[in-house]
Amino acid sequence: MKKACFTSLFTLLLLVSCVTPFGERNPVISRFNTRNGVLATFKQEGVVSRISVVLKEDEFFGVIEGNFSKTRAKKFISESDLSAFGYDRLAEKYGEIYFSFPANGLVFFSNEKSDGPDLREGSFDMELSRELMSGKYGFFTENLSLLPAETGAADLPDDKINFILVSESEGKSIVRFSVTDKKDSDALLKFLKADYVKNLKLSGQKIDVEELKDVIFQSGLDVYFVSDSLFGGVLQNGK
């Protein structure tokens with residue numbers, strides 16, 4: 001049920017595209033408290049410029065940024081049939097969804113009635129924020145079990161991974177696995193390559209050793225996986 005609700009909210013975020021951003025130099029997501037949660041951010045075209053949310057076990061909060069007035073935002077939210085965006089499934093998991101409109105170009109939403117999340121207590125890294133915002137979408141979590149099942153993340157050795165960050169560049173999904181120990185980094189690299197090759201064989205695809213170097217590789221201690229799928233496939237059987 002939890003992962004189904006996460007998927008519903010991702011759908012909601014992608015579809016509610018009818019909301020002035022904080023900007024690249026001081027992104028609002030850099031002040032989110034992401035502990036024990038999944039941070040997802042989506043770049044939009046048109047009136048809405050970006051939608052971001054943090055999903056946790058018993059709570060969620062997010063922000064819609066864009067070029068719109070408070071009046072327009074309130075009208076859209078009040079007149080829209082949110083059930084079309086998975087609202088009912090979200091309400092079943094989290095309860096009521098509340099919206100607040102602190103300024104033009106900014107809408108907060110959460111499952112708790114407030115003026116918005118307390119951004120003063122967040123400490124999400126500025127560099128990671130910009131990496132997440134570099135493409136059309138970005139995902140970040142320190143808890144792999146919270147990722148949707150289709151990522152295949154449940155099969156990863158999560159006790160060796162500090163966090164997973166997924167970003168987009170030129171249509172490619174780039175998965176960054178943060179690891180602090182050389183031995184663990186090498187083991188993860190070997191694990192990912194073995195799983196990737198195994199699934200290529202199962203699907204009858206040709207294995208190109210040189211191409212593999214551009215798909216799964218190390219940079220420092222971090223391990224990267226580049227793919228065409230949304231979550232980078234993470235594991236090929238997660239596609």
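Mentor: Strands (E, at least two residues) and helices (H or I, at least four) are DSSP runs, numbered from the N terminus. This is a predicted model, where local features need pLDDT of at least 70, side-chain atom pairs count only at pLDDT 80 or more, and totals for chains, interfaces and linings use all residues. Residues are numbered from 1 along each chain as its sequence is written, and side-chain values use heavy atoms, with hydrogens and water left out.

Trainee: How do β8 and β10 pair?
Mentor: Antiparallel, over 5 bridges. Serine 173 has serine 227 in β10 as its bridge partner.

Trainee: And β9 with β10, over how many bridges?
Mentor: 4, again in the antiparallel sense. Glutamine 218 bridges to valine 223 in β10. The two strands form a hairpin with 2 residues between them. Glycine 220 in that turn has a positive phi of about 65°.

Trainee: Is β10 mostly covered or uncovered?
Mentor: Mostly covered: 5 of its 6 residues are buried (under 20% relative accessible area, with exposed over 50% and partly exposed in between; 1.4 Å probe, protein chains only).

Trainee: What's the strand order in the sheet?
Mentor: β4-β5-β3-β2-β1-β6-β7-β8-β10-β9, an open sheet of 10 strands with antiparallel pairing. β4 and β9 stand at the edges with a single partner strand each, so one side of each lacks a neighbour in the sheet.

Trainee: Switching to helices, which strands does α5 touch?
Mentor: β8, β9 and β10. Touching means contact, heavy atoms within 4.5 Å.

Note on methods: Two strands pair if DSSP finds at least two bridges between them. Axes are lines fitted to C-alpha atoms, for helices over the stretch in contact, and angles run from 0 to 180 degrees between N-to-C directions.
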